[in-house]
Each structure stands twice: as structure tokens, then as C-alpha cells.
Amino acid sequence: MLKAIGVSSVNDLYDAVPSEFLLKKPIDGLPNFQGEIEVENILKSLAAQNRAAGEGPFFLGAGCYRHHIPASVDHIIQRSEFLTSYTPYQPEISQGTLAVIFQFQSIIALLTGMEIANASMYDGATSLAESCLMAFRIKSGRKNIAVLGNLHPDYREVTQTYLELNDASFVEASKLDESCAALVVQYPDFYGNIPNLDEARAKADAVGALLVVVVNEIVSLGLLEAPRQADIVVGEASSLGVGLNFGGPLLGFFACKKEFMRQMPGRICGMTSDVDGKPGYVLTLSAREQHIRREKATSNICSNQGLCATAFTIHASLLGENGFKKLALINHKKACEFAEILSAVKGVKVISESFFNEFTIEFAKDAAEVNKKLLEKNIIGGFADGNKMVVAVSELTSAQDMAALASELEEILK
Amino acid sequence: MTFTPKEVGLKLETEILIKQTRKGACGVDLPDVADFKLRIGQKKREAIGLAEVNEPQVIRHFVRLSNQNYSIDAGFYPLGSCTMKHNPRLNEKMARLPGLSDIHPMQDQSTVQGALELMYNLQNWLSTLTGLGGASLAPAAGAQGELAGMLVIRKALQAKGENRKIVLIPDSAHGTNPATAAICGFNIKVIPSDSEGLVNLDLFKKLVAEHGRDIAAIMITNPNTCGKFEKNIVEIARLIHEVGGYFYCDGANYNAIVGKVRPADIGVDVMHFNLHKTFSTPHGGGGPGSGPIAVRQDLVEFLPAPHVKKEGDKYVLHAPKQTVGKVKGFNGQFGMHVRALTYMLSHGADGLQKVAEDAVLSANYVLAKLKDHYHVPFSGNCMHECLLTDKIQKAQGISTLDMAKALVEYGMHPMTIFFPLVVQGAMLIEPTETETKETVDNFIDTMIYIAKQVAAGEGDRFHQYPLSTPRRRLDEIKAAKTPVTTWFAS
């Protein structure tokens, strides 16, 4: 190859690099090549130091929910054609990816009661941030985002980072006025309560703001009515197909009413036909995106969460109409059972009026301290917030798990 | 009506699952639920509108869909700027260890010390490779890395009481650069490229003279999107630093110089990485990626949260003192951190140096073999990708698009087309280091064949290509004019 190029060494090809900066030796301070066995041992020993969620009773939710993933999902997403392909720039040889995206978009739109959804966002927090930026584009001149009820702290923090760039701020719903481009409401909210979206809609309409609904447990939409009152619905779909992954990769989704289509961020797949008249799919409405509009793009997003969206689509397809609703019902039933069990524990009060699979309990001790004690018994408690704890269950939570937490709490709160 | 089977061989079609619905079918065995009193505070949902299919139907559908997809596992994928190198399967095995996949981001830090140590090690690899002071793994993809990096620069300036508004960006930049700068509220001044495909040094100096201390930063990709190492980079960095601006380096093309050049040495202050490019994490049909950033020591306190630090023998997730905040929920794309670190450990510092050398060698080999058949806009050797245009073939009415579709017909994914925008009809070819010489030769032979066909007046048929793929050319205008984005849209 060197001969064909006409140089004597590879370093000749780096002639544009100032010679004093072209490294001769490998960089100091990093290990050299290691074989597969050694590398496996290193990773296995790192993994062994972590307490996996499945190793004992586990009640953490707070935006990242542990569900059962059917065996088929991981098999399919490890197929080369899904795992190692890229963005479908050449649609003739990417109809597989495009058909998956089309079904993902459809399923998200159906679940959320919206008319159009994109091919995915990084996660629920960033999709909320992007929805606020979109609200500013639609309601130009407005500078604030109002929040009704309890929003996930990470979602708030991430959105805050983006709002600051627009000299915009969050305001509480009590201060909702015409300076607000959107009213944001989480459904169910961070403490598990299920807000009344008709009321939220009326509040938004009173000031001409958009209604943005945030759903961070997608399974809830199998039992709760779709948030059709919204203009935009965003959130987290990783409950299906994806797994916890220490918080990433997750799966953000973005759906809205058709009238806002051209203001949406992200990739969108659409139906069309080829020169032979056969139906097919292509990425479409690209004029919104960074590779076409550059500084005028609706977002800078390029790579999104493709393989996670594929995993979700497979899982949701396996569940189907009945399975999805049944799964949601099972989750809620577990939560109802758990709420009853915990209500009977001396010193514990269930303070959520309504909930799906996550609710809040209150006691006299500091919840973080309680969690420390629970951990000594290999129980991972819920999200600690002062003397409140937000506990989540799913179809994976067993009766023994619930009994274990209840009896330990009773001990600790004595 | 008589039934006649279609002659398809292995070209199996499949309808989307909603069209295969069989009432009552379900692909997951779930126990029945006896009635109980709901506590959702509203009426329960009646219908969603999903398909009803069983597990064999689902698997068959997705298997058939996968057969309509090209992938790097299947063949050559020289997509310039994307670094479609082989995705080692060890990465996948490690990412699936329950201790790494079945952990929740909000677990007590004492229960995830292995995960935090992994992140700390990856931060360390990135800062050591680059010679920069520290790194954050928070950003979810390259574009988010750019955002985080520019936020760090913005905050660093604000901390000095400076409210600089200008960012200089070469006209050859990837679209995410200006999109990101705009989101951060900067005004963009475009630096034209010169006849060598590099930043025009004279015009750059003019911009610096004109805007001086209004310049927050320059956003440069190096090697650049024309496949060239910016030979004046040290001077460019010096001039920006002289007026108190920062040098942001888009690290999408890092594969050419990893282990060969330390970005800190050439003046980089802030840089993002694409773990799904340089560090082999799979592209997944459009993500997930991961876009960590590394920054100079004095900028470490501004890094996005969360960041992993070491306190004694404990690893701690924390928010740096003057952090720009969170750009993404939770901890970043941890699953991709696992895969990237596995790759780095497998190669080692010596192996990574060889990766860059092989990538550069391969691209120059392609350039040397094709330069007599295609227009090469910028002379001299290239880095890990080479840039050609359709100037010669355009004279016969054959464009980059037609030649790309011809490559598709001949069993390969085409190169990146129509990017960068600084040349007409761009073809950006990045073979990567994981291809055999035989595969690269096959690509070269095919490209020469195409060029010769066009030269002989036989190129018109490429307007109709591809012919043998699951679908032929698709009507993108129709798709945009009347968008149909769901199966239930009327």
C-alpha cells in the first residue's frame, strides 16, 4: 500500500502535523494491548463490585423503571443488520431500519394520543428541554415555562441548562401568565400522583400557552388515558426493551399535534413509494434538521437512540394491545397491594392520593437514613426526599420483596 | 381468483405488524388479573390501537426487516465522517454483565463503585490520550458534546466577566457545529476554506483582527471534513488564544490522530469525542452514541455534571464546582462507556496508535488509486478519509448521487455524499482500519469501473440504479409534500 501511495512510511502521511507534535512512542500512562481474557477479567471485576438491582428487593423508580424484557428483544437487536447499521441515508438498503422507525413513531403517537412522533430523543429530560425550545419558537416573544405540580429534578435541571441559553426561566404554575410559552405537567408526577389534565389544559388555554405533558413511565399509558389534552407529549420510553443501564442509554420520545410538525426536533420517517410503485419509507422533513438548516435548525440532534427505539418497538409489539394493557394493570395492582401492606406498617403513611406503579410514603425518620439501614439488609429502598420516600414496583416485584421492605421498615421505625 | 406464488427466493417481504393482527394474539405470557379497585383517580384506558401478534410473528417480522438492511458487519461502509469501523462483540458481552446493565442511576454510590471506577477510568483515558486536564462523560452524542463544550467556554468567559458573542466556524464544518453555536446564543462568523481545503489563514486573520476580543471561540474539526490535517493549526490556536478566545475541537475525525497527536499539544482547549466513531461502539441504526468532552485543566471546574472524582479509595459522582449543569438526565450513556473502555483496554495505547496509522494508510491508498479517475479537489495526501468530487463525471451528466446508487447496486454502502458543502458533488470516503486490503481493492476496482463506464458513455443507466435492492429509488419529494408518519394517519 505504501508503494502505491509513493511514501516509505506511514509517518510520511502525517507531514502536515508539526514534527515536534507527532508522537513516536505510545502515550505514557495508559496500558498497552491486552488480550480478550484479560479484558474480560477487568470488566467482570468492575461489574462484581456493583449491587445489581435484581440481586435483592429493589424499589427505586424516579424516572428509570425496572421491567421484565422478553428474551426475544435482545436476540433481535443483536442482529448485525440492526446493531451495526447507521442512519438510513441510503433508504434503498435501509428499509429495515426505516420500517422499525415508522412503527416506533406510530406506537408512540398512539400511546400518547398525539398525531406525530419523531424517531427518538436522547432521554426524557432532554426531550422536555427540546419541547420548551420548540414552545419558544411557536409562541415567539414569550420567555418563561410554567410548571404545574412535581417535576423530576433531573428533568428540571437539564431543562434549566437549556432555558438559560434563551434567558428564559421556570415559573411555578401559580405565576402562569402570558409570558409563558408553555405549561409543563408530569403525568404521573414525580411523587406518583396523577394530575388532572383537563384542568391543566384549561389553565394553559387561559393564557394562550402550549400544554406540554411529560410521561416518564411509558407503561402507565396502558392504564391511564392518553394525554390528548396536550399540544406536545415528551418523556421516557426505556421501561420497555431498554433496561436501567445506570441511566444510559435510555430512550426519549417526542410527540405532538400535526400542526406543529415543522417545528419538531429530531429525525422523522415517512411513507412513500419507489420508482416501481412499491411502498417504502424515507427520512423526511429534513429541512428542519442540522445537516440542512445548520444554524437555523430546530435542534442540533444528529445521532439519537436508534437501537433503543428498535428494542422498544420489538417489546411493545410482543406485548401488543392486550399485553400492554395487562402489563399496566399488573403494575398498578402490585402498587395497590404494596400501598395496603405499607399502610399497615406502624409509622408509615401512604400520602399519594392516586398513583400508577410508584407512590410516596412518609415517616418520622429521615428517608436517606432509612435507606442506609435497608441496604444493610440488602434492600434498595425508594427515592429519598427528606422524610418522604418514593417507592416503585413493577411486574418483577415479588410478594416476598414487598414483605421484606414492610417488615424492615417496621423494625427501623420502632 | 387463482393463487400464484411470487418468485422471491430469499428476498422475503413483510408487512408492518398492525397489518398482521390476529385478535387475541399476544407475544408475552402474562398472568390474568382479577378485578380490583383502581387507585388511578380516573377512568381506565379503553383502547390504544396496537397490533395483536404472537412471538413467532414478531421474530419473523423483524428478521425479515433486518434482511432489508445493509450493515458494516455485512460489507464495506466507507461513510466519511462516521468512522464505520468493526464493532467488536466483546463490547456487547461486557455491556450485558448484570453488574453493569442492571444498575439504577440513583442507587447509593456505595453500591455502584465498580461503575463509577469504570467511568473514572474512561475519563482518564480520554484526558491522557489528549493531554487535556479532565473529562466528562455526560453528553449523549457528539452534538451534545459540542453543546457541553461550548457551554463550558461560555461559562468560563462569564466567570471572567466577559460576554463574548462571536464564534468562528469554517464553512466546511458539520451542520451540528453552527446549530450548536446558535443554540448557545452565539453569532457565527464563517471562515472560508482555501484552495488546499484548509481554513483560509489570511481570511481567518482578518476575522480575528476585526472581532478581536469579541471572539469567544473557534470551532474547528481537525483533521477537517475535507480529510486534511490543518497544517496551520498551531498558529490558528495561538491567534485565538492571543485575543483571549478558546479553541474548541470537534473530535469526529479523531480516528486519524488518536495516539499519534495529543490535541492539547496543538492548542486545543475543549474537545468532544464520538465514542460511536473512534471507539467502536455500534451505530445501532441511528444511535445510541456518546459524546464525552475533555477540557484544559483550568476549565475542569466548569465540566457538565455528573463527573466522577476519586476521594481516597472511593469513587464519587459529583457536580464540579462551577459546573455548566446537566445536559442530560442521570449519568450519560453508561452502556456506551462500558463498550468504549472495553475497546480501549483491548487495543491499549500502542494498539490505538496503530489504529490511526492503519486508518490513514487505507484512506491514502484509496486516494492514490482513484486520483486518476476522479476529480481530487485538494492536492496532497489525506488523513483517515479522502475527498473526491463528481466534476469529471458531471460532464457526462452523471452525478455523485448516481455513482453512489451504482455502488449500492454493486453491493456496497456508498461514501458520504454531498458533504462537506465546500465542494460541489462531494464524495467523502473513509475506509477505516478494520478492512482487509482485499475489500479495499474491491471498492477501488468498483469505483474505477464506474468511472470508466461513465467515460465510455455507458453511465446513463446509473440514473436508474439501484436495481436489485429491496426498494429502488424512493420519492423523497412526495414524502415531504404529504408526510405520512404513522400507520393510522389518513
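**Close-up views of chain B in a predicted model**

**View 1. The open sheet of chain B.** Three strands of chain B form an open sheet in the order 10-12-11, with antiparallel pairing. Its edge strands are strand 10 (386-389) and strand 11 (416-417) of chain B, each of which pairs on one side only. Strands are DSSP runs of E of at least two residues, helices are DSSP runs of H or I of at least four residues, and both are numbered from the N terminus; two strands pair if DSSP finds at least two bridges between them. The model is predicted: local features need pLDDT of at least 70, side-chain atom pairs count only at pLDDT 80 or more, and totals for chains, interfaces and linings use all residues. Residues are numbered from 1 along each chain as its sequence is written, while chains are lettered from A and ligands numbered from 1 in the order in which they are written.

**View 2. Strands 10 and 12 of chain B.** Four bridges join strand 10 and strand 12 (residues 426-429) of chain B in the antiparallel sense. B:Thr389 has B:Ala426, in strand 12 of chain B, as its bridge partner. In general, strands of a sheet pair through backbone hydrogen bonds, either parallel or antiparallel.

**View 3. Helix 9 of chain B across the sheet strands.** Helix 9 (residues 334-370) of chain B lies across strand 10 and strand 12 of chain B. This helix runs at about 30° to strand 10 of chain B (axes are lines fitted to C-alpha atoms, for helices over the stretch in contact, with angles from 0 to 180 degrees between N-to-C directions; contact means C-beta atoms, placed from the backbone, within 7 Å).

View 4. Chain B contains 13 helices and twelve strands.

Terms used: Two residues are in contact if their C-beta atoms, placed from the backbone, lie within 7 Å.
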